[in-house]
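Trainee: Could you walk me through reading a helix and its aromatic neighbours in a model like this one?
Mentor: Gladly, let's look together.

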Amino acid sequence: MSYVPKVLIVDDEARMCDSLKVLLSKQDYDAQTAYSGKEAVEHLAKDSFDLVLLDIVMPDMSGHQIMDYINSQNQETLVIVMTGHASLDSAIESLRRGAYDYIRKPFDFEQLLKRVKNSLDQGKLRKENELVNGKLELTERRYRFLVNASPDIIYTLDHRGKFTFINGAVESLLGYKSHQLIGEHYNSIVFEHDIHKAKNHFNEKRTGGRAAKDVELRLKCFQKNGGPSRRLTVELKAMGMYDRPVEQKEKVFMGTYGVARDITYRKRLEAQLLQAQKMEAIGTLAGGIAHDFNNLLMGIQGIVSLMLMDIDLTHPYHDRLKNIEKQVQSGARLTSHLLGYARKGRYEVKPLHLNKLVEETSETFGRTKKEVTIHRELAEDLFAIEADQAQIEQVLLNLYVNAADAMLSGGDLILKTTNTTHKDMKGKLYEPKPGNYVLLTVTDTGIGMDKKTMERIFDPFFTTKEMGRGTGLGLASAYGIIKGHGGYIDVESKKGHGTTFSIYLPASEKRVRKAVKGAEQFVKGTGTVLLVDDEEVILEVGQELLEAMGYRVLLAGDGKEAVEVYKKHQDEIDIVVLDMAMPKMGGGEAYDRMKEINPDIKVLLSSGYSIDGQATEILNRGCDGFIQKPFNIRRLSQRIREILDS
């Protein structure tokens with residue numbers, strides 16, 4: 001009777017387990033199920049399995065913990081990770097812990113069956129290979145069938161390092177026919193710079209735990225008709241073969257058996273993870289700098305607003321003060337770039353028509369760049385998006401300027417919009433969230449970029465422009481803004497053949513409202529305002545601004561003091577203007593404490609950061625509004641009036 005492979009299915013979704021059990025049983029596998037990590041460990045302790053289909057995320061025990069248990073028991077059980085929460089971290093961590101493969105849910109059952117068969121074939125081959133040295137003789141026919149079914153390069157060398165066998169995977173991965181390499185030295189396919197590294201690994205003589213494993217090498221791909229050379233990164237495992245069992249002293253080295261696995265995709269995932277971590281760290285720094293700078297600008301803006309209230313248009317200092325106000329606005333735009341890169345740049349999110357933004361911004365840009373011909377191909381039935389209008393306009397203008405800089409002698413700028421879904425976003429380095437998206441492509445006919453430049457194009461402060469012509473923040477902030485809106489941005493380019501940026505933004509089912517223009521003058525008011533901020537200059541300036549509007553002002557230098565002042569004067573205070581980032585007690589906790597005292601409290605959040613993150617969380621808990629520093633007296637008076645009147 002033939003051997004029936006045993007498979008353990010571990011998933012906290014009972015329907016998934018049962019479905020896979022039925023599927024595998026029909027393929028003549030002995031399939032068993034475990035609905036929790038604890039149940040899986042009990043199965044593994046009682047019985048041995050050839051393969052475990054393992055979900056990573058479970059309530060009582062993670063898939064990684066179960067893999068650690070399998071490794072601790074020295075079980076020769078292969079693991080295929082299957083998860084609907086696949087990320088760069090989980091995928092790489094699973095492979096590092098020894099998983100044979102991983103597959104994302106939802107998956108095609110035929111694809112799963114192929115992977116199951118391949119893993120079991122590989123496991124079987126591994127066991128049989130361990131028996132080569134005295135335990136089992138493989139028949140030539142069976143050996144070739146199993147080996148040639150493998151997606152990995154499997155080879156044998158003689159004692160001189162020349163190929164005596166290499167399976168068909170060498171053709172699909174490197175482009176060589178198997179017979180071309182028989183009798184050739186292994187150096188013929190090893191990249192020149194890795195030949196020294198390959199020595200004594202590719203032609204390994206050791207066996208068992210001392211044998212070569214997890215060795216990264218670059219192999220040369222076959223060049224057709226003098227085409228460009230390509231390299232493939234592989235992970236090598238190899239061991240020596242002898243004429244008798246290795247424990248015997250009088251044995252003769254016959255050659256090497258080895259397996260080379262293509263790890264190109266895994267290396268790409270690792271590189272993307274490192275890039276994401278780097279950009280996250282720089283983003284944190286950029287966000288902190290922008291926050292502190294906005295607080296400084298708030299002090300300047302407040303003082304200018306107060307001075308402008310005391311003089312008329314004919315005063316000799318009026319124009320100078322207005323120029324200072326313009327410089328404050330320029331500084332605020334710079335911090336918006338930094339906050340955009342830090343993914344903390346959304347101030348006022350609402351449903352928008354992307355087509356309208358593209359038309360308006362491109363028309364404005366076109367008037368300043370007559371040498372650039374703009375083509376618009378905008379879908380009529382385009383979905384709405386939920387976004388901060390100013391931030392998306394900033395992204396668009398950054399891309400237009402980038403395109404114009406690549407076309408100094410003029411050229412074409414093609415703007416296209418269309419509806420799409422996550423199903424159409426295949427072959428990406430990221431896994432898009434399910435749903436509908438709006439796709440905008442910005443294509444120029446400029447000089448293009450090489451691969452090295454494309455790898456750094458979204459890095460902050462990276463620029464190809466000469467000194468003084470660019471900050472290197474434009475595309476970095478565009479990247480951060482799009483990611484902050486839950487979208488994705490890709491770039492395709494080739495030297496001398498132009499560049500295309502593709503932006504995917506989540507679609508919204510909400511209706512777009514028409515904009516209503518607000519009043520230009522500041523609004524007077526009455527009542528008592530509690531102003532809370534840890535910056536002394538903002539307290540001083542803020543108090544004067546609020547008193548100029550007609551309000552009585554109470555002050556607090558941190559969240560803890562704010563709670564104490566509110567307890568004492570809650571019957572007098574009409575509204576609290578509350579900073580978020582403060583020592584001792586932050587704005588979020590202070591809001592919760594004051595809301596416990598008075599559930600009907602009215603609070604306007606104020607921050608050098610934007611509305612994203614903590615501010616949104618506080619707003620969702622019932623806070624009445626948000627205002628971004630630096631703000632002028634008109635904006636502050638309007639926001640306070642809106643909240644008090646509501």
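Trainee: Which residues of helix α17 are buried?
Mentor: This is a predicted model, and in it α17 spans residues 559-569, with G559, A562, V563, V565, Y566 and H569 buried. These residues cover an arc of only 165° around the axis, which puts them on the same side of α17.

Trainee: What does the face turned away from the buried side carry?
Mentor: That face of α17 has the exposed residues K567 and K568.

Trainee: And what covers the buried residues of α17?
Mentor: The cover includes strands β18 (528-532), β19 (552-556) and β20 (575-579), along with helix α18 (587-597). Look at the start of α17 too: a side-chain oxygen of D558 comes to within 3.0 Å of the backbone nitrogen of K560.

Trainee: Now the aromatics. How do I describe a ring pair?
Mentor: A pair of aromatic rings is described by the distance of the centres and the angle of the planes. Searching the whole structure gives nine aromatic pairs. For F365 and Y400, the ring centres are 5.5 Å apart and the planes lie at 45°, so this pair is tilted. F365 belongs to α12 (residues 354-368) and Y400 to α13 (residues 389-405), so the pair ties together parts that are 35 residues apart in sequence. Both F365 and Y400 are buried.

Trainee: Which residues do ring pairs link into a cluster?
Mentor: Y155, F163, Y186 and F202.

Trainee: Where do K6 and R261 lie?
Mentor: K6 lies over the face of F49, 5.5 Å from the ring centre, and R261 over the face of Y100, at 4.6 Å from the ring centre.

How values were computed. Residues numbered from 1 in each chain as written. Predicted model: local features only at pLDDT ≥ 70, side-chain atom pairs only at ≥ 80, totals over all residues. Heavy atoms only, no water. Phe/Tyr/Trp six-rings, centres within 6.5 Å; stacked < 30°, edge-to-face > 60°. Helix = DSSP H or I, 4+ residues; strand = E, 2+ residues; numbered from the N terminus. Buried < 20%, exposed > 50% of the residue type's maximum accessible area, 1.4 Å probe, protein only. Lys NZ or Arg CZ within 6 Å of the ring centre and 35° of its normal. Arc of directions from axis to C-beta. Contact = heavy atoms within 4.5 Å. Polar contact = N/O pair within 3.5 Å; in protein donor to acceptor, adjacent residues only side chain to side chain.
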